[in-house]
Amino acid sequence: MIEANLDSIAQKSAFRHINPGTKLLLALGSLIICLISPSPVVPLFSGVVLSILLLGPGKLSPLFYGKLLLGPAAFVGMSIVVLLFMLGGGTAVWQTQVGWLNLSITTGAIRESIIILCRVFGCSISLFFITLTTPMTDLFNGMKRAKIPIELVDMMMIMYRFIFIIYDQAVEIWQAQVMRLGYSRPKEAIHSFAMLSGMLFISSWTAGEDLIHAMDCRCYDGVFPSLDQTEPVKIPSFLLVVLYLSGLCGILALTLTTTVFP
């Protein structure tokens with residue numbers, strides 16, 4: 001299962017025994033700086049540095065990491081194609097007439113698309129850094145220590161688990177339908193997709209009821225007990241994170257006064 005694979009990688013990561021708060025400070029700090037940066041330099045630099053950390057000291061498989069990046073890459077690729085024609089400003093570098101529709105790409109659209117592309121890259125790497133170095137149990141325990149309502153944390157734990165259960169069921173049903181040529185023609189594809197959606201709804205409802213019965217049998221009183229063994233905050237790693245974020249802020253300040261695009 002996907003979550004088992006990700007959690008296994010996080011458990012085996014070289015950054016596993018660093019305090020979760022330190023890693024969250026690094027990832028969320030980088031993410032916020034990438035979002036507010038008006039230049040592509042900062043998010044691009046942040047994404048490259050965090051990727052080097054994951055592939056180098058983190059000993060993450062480059063093949064697996066590349067597969068993870070395919071998801072956001074495909075999404076942002078389709079979005080950029082649309083944004084190139086929707087955004088304006090500057091001079092036109094390409095234009096054509098399709099019937100009554102006038103399509104054009106301007107220098108302003110290219111500039112904004114590059115910035116958005118780099119922001120998505122930097123922010124995605126920041127989120128992947130947390131996912132691939134910190135098990136979900138550590139994050140949930142951290143939320144409890146931060147005094148987030150226990151009911152909300154338990155609900156998040158259940159939702160996280162069920163996302164992947166439903167996903168696995170959807171893959172199994174889809175593979176069975178493909179083997180029976182369920183998507184060979186448009187009419188059959190619509191019928192197969194409707195059957196897939198119906199089966200997922202029924203199976204998720206049944207799985208939820210089974211979970212409630214299992215919790216009642218174990219005398220559930222509103223709290224999921226979990227082992228909380230947090231790692232202490234280590235001064236060297238914390239100082240490195242603060243130094244790195246300070247460097248990002250310095251690069252951000254420089255880009256505010258320097259024109260990256262002509």
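A: Happy to! Let's begin with R185, which pairs with E188 in a salt bridge whose closest N and O atoms are 2.7 Å apart; the term means a side-chain nitrogen of Lys or Arg within 4 Å of a carboxyl oxygen of Asp or Glu. R185 counts as exposed, at 53% relative accessibility, while E188 is partly exposed at 26%. Here buried means under 20% relative accessible area, exposed over 50%, and partly exposed in between, with a 1.4 Å probe and protein chains only.

A word on the source: this is a predicted model, in which local features need pLDDT of at least 70 and side-chain atom pairs count only at pLDDT 80 or more, whereas totals for chains, interfaces and linings use all residues. Residues are numbered from 1 along each chain as its sequence is written, and side-chain values use heavy atoms, leaving out hydrogens and water.

The structure holds two salt bridges. The other joins D138 to R16, with closest N and O atoms 3.0 Å apart. This pair links distant parts of the chain, 122 residues apart: D138 sits in helix 6 (residues 136–145), and R16 in the loop between helix 1 (2–12) and helix 2 (20–36). Both D138 and R16 are buried.

Stepping back, the protein has nine helices and two strands; these are DSSP runs numbered from the N terminus, helices being H or I of at least four residues and strands E of at least two. Of its 262 residues, 31% count as buried.
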